[in-house]
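Have the sequence and the 3D view open as you read.

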Amino acid sequence: MKRKKIRYSIYIPAFLLTIIMFLIGFIIGSSVSDIKLQNVYDLQNDIRIESLGNELMFELVSEDLCNSANLSTYTLEMTSLGKRLDYLESLEGYDSPRVASLKNYYSLLLIRHWLITQKLKESCDDEKGYVLFFYTNIGNCEDCEDQGLVLTNVHRNYPDFYVYSFEYYLDNAALDLLKERYNITSYRLPTLVVDDSVYYGFRSKGFIKQALNVTDEDQED
Amino acid sequence: MIFTFYDFVIYVLSFVGLFVSMVYIAVLLTRNKHRHKIDPKFKPKISIIIPVWNEGSAQGERIRKTVDSLLNCNYPKSKLEIIIVNDGSTDNSLEIANSYKKHGVKVYSNKKSLGKTRAVNKGIKHCTGRFVATLDADSYIMPDVLDKLISCFKDKNVMAAIPSINIWKPKSILQKIQFIEFFSAVFIRFIQSELGAVPLAPGAFTLIRKSFIEKYGYFSHKTMVEDLEISLRIQSENFLIENVPDARVYTSGLNNIRGFYRQRIRWFLGLMIQLKKYKHLFNWKYGNLAVFILPTMVTYIFLALFLFYYAIIMLVKDTVEWIHDVLLAGIDWASILEYKFDIFFVTIRNTTVLPILLLIIMIVFFMLIKRISGEKQSIFIPFIMFALTYWFLGSLGWVLSIYYYIAKKKVKWGPNYYDS
């Protein structure tokens, strides 16, 4: 029986072309990822300058601090950076060293923001509350994601308080001090600190609203 | 980037899909445009067998259109033998068939329905042509089809020649989807023919060298896909099946989903059974059929299963997660109403780009085959319907077929039952 010919002259170039197209796809994909990382770096840098500026302003106008301080832009930028980092983490994975490094730095910026708001609270009778949210995406915490979702929802509807979210396992001396101060341990995550009161384990939407003393009248239209 | 199992499968399938597309492009670029030149002197006798089972009043007498299309074709009448085999119809099919006797049409009849295959074989036994074609009683040929197909047989290695088969004036959504399903088969058969490796000569219309049937056997009535079986038999003997894309035959699309799935189960299940029976064809000596066409068909089965599994899993997972989130935090109207577009949150992943790229390539192929085959019916709206639904409809057909195969369920086709 006569053998049928195999058209290698078609298959080999087609195979090589497929590999080339795949490689081009990968290169484009990774450059897009690099562009996103660069975007976050740039934003962090802007915020670092902003927060430093705020600190210096507080030193310079200490006698008229309460009238001069305006944290709205600073806070908005922090929120935007937080969202970007969350998104980046969902793309790159929780164990990505690049994201971990960015988050580490972000947590320092958060602590700095928190300190500034604390200072304003003491000096200017600012009633704005805060929640420190300790969670982990790296370790084992079944309720952390749910707690994050509830907090985001409450904050979106009652924006008159600050939320500071910290990954428990970040290697960061300032964060370690904060954990020590509120006695945060890995096996009791998620942990919320609402205006200096510590709550271990998952807390519902109603509980958080009560702890923050917000009512439906405070809800944003 | 996170690399999940699904990503891995999408990468593998996209790579295969892209490679297959590149092969198709290479075939298109290197094809011989004058391969199917009509030879006006080569007009051997052709016998056309039309098996009929309740194609009269039960189906709006569409058999008339089928026979009329043959009587109106360009092929010399003296060289054309039309045979109608009435397979125990209970309507007026026989009466209609007999009315064509005055036009020289021969009519044979089974008192009881024995199934399409036995009816076709009966017709072949009575026919006198050197070439024999089977034509379904719901299909119609264009006037130049026989002239175009017969020229292929000047090559002694060609045992069968097939036209483009498409749906005539699709009206319902289901028919429009079938139109593109058939149209994609037109393209694929064209490529397979260029590679000398057509694995299926469709039963709706195929012209076969009668000497092959006499030597290697008639259509097998033991299978539910007699057309595929005889095609693989032709390939087993290392002969050729030629496709002439601009020879057009039309058939009626099914109009109910139950019939649609019954047909797909018969086709897909039949394909699996025949691939197992003819597994020796996965051998290098069978050329492009072994190294490219058959592996592509097997990959397609996996793709269909993966698409179905992936779609169902994702749908269930997303719904469960959404319900969980709503119960926990309520519907977050604020985030929906205050949504602001930000390019940062748009990620073009390779796993999204590659299937989109393949879809674009597919559209280009469709436009090309539309030109090559001379198809006049618009493909735009049907293609949109096909792209939106077939990934599920087709995949479900495969899932059901595999269930039939594993559960060894019997399949009814006509009056007969077939083992899985």
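**Two helices in chain B**

In H1(B), the residues Tyr6(B), Val9(B), Ile10(B), Leu13(B), Val16(B), Phe19(B), Val20(B), Val23(B) and Tyr24(B) meet Phe292(B), Thr296(B), Thr299(B), Leu303(B), Phe306(B), Tyr309(B), Tyr310(B), Ile313(B) and Met314(B) in H10(B). Contact here means heavy atoms within 4.5 Å, and helices (H or I, at least four residues) and strands (E, at least two) are DSSP runs numbered from the N terminus. By class, the residues of this contact are 16 nonpolar, two polar and no charged. Nonpolar covers Ala, Val, Leu, Ile, Met, Phe, Trp, Tyr, Cys and Pro; charged covers Asp, Glu, Lys and Arg; the others, Gly among them, are polar.

Before going on, note that this is a predicted model, where local features need pLDDT of at least 70 and side-chain atom pairs count only at pLDDT 80 or more, while totals for chains, interfaces and linings use all residues. Residues are numbered from 1 along each chain as its sequence is written, chains are lettered from A and ligands numbered from 1 in the order in which they are written, and side-chain values use heavy atoms, leaving out hydrogens and water.

How do the axes of the two helices lie? Those of H1 (residues 5–30) and H10 (residues 288–329) of chain B come within 11 Å and cross at roughly 145 degrees (axes are lines fitted to C-alpha atoms, for helices over the stretch in contact, and angles run from 0 to 180 degrees between N-to-C directions).

**Where the chains meet**

The contact between chains draws 41 residues from chain A and 46 residues from chain B. Together, chain A and chain B bury about 3900 Å², 64% of it on carbon and sulfur atoms; buried area is the accessible area (1.4 Å probe) that two parts lose on being put together, summed over both. Across this interface the rule finds zero salt bridges, a salt bridge being a side-chain nitrogen of Lys or Arg within 4 Å of a carboxyl oxygen of Asp or Glu.

**Inside chain A**

Over all chains, the structure does hold 15 salt bridges. One of them joins Glu89(A) and Lys103(A), with the closest N and O atoms 2.9 Å apart. Glu89(A) sits in helix H3 and Lys103(A) in helix H4 (residues 97–124) of chain A, 14 residues apart.

Finally, look at the loop between helix H6 (173–181) and strand S3 (191–194) of chain A, the place of Pro190(A). A cis peptide bond joins Leu189(A) and Pro190(A), with omega about 0 degrees. Asn183(A) is found in the loop between H6 and S3 as well, and has a positive phi of about 55 degrees although it is not a glycine.
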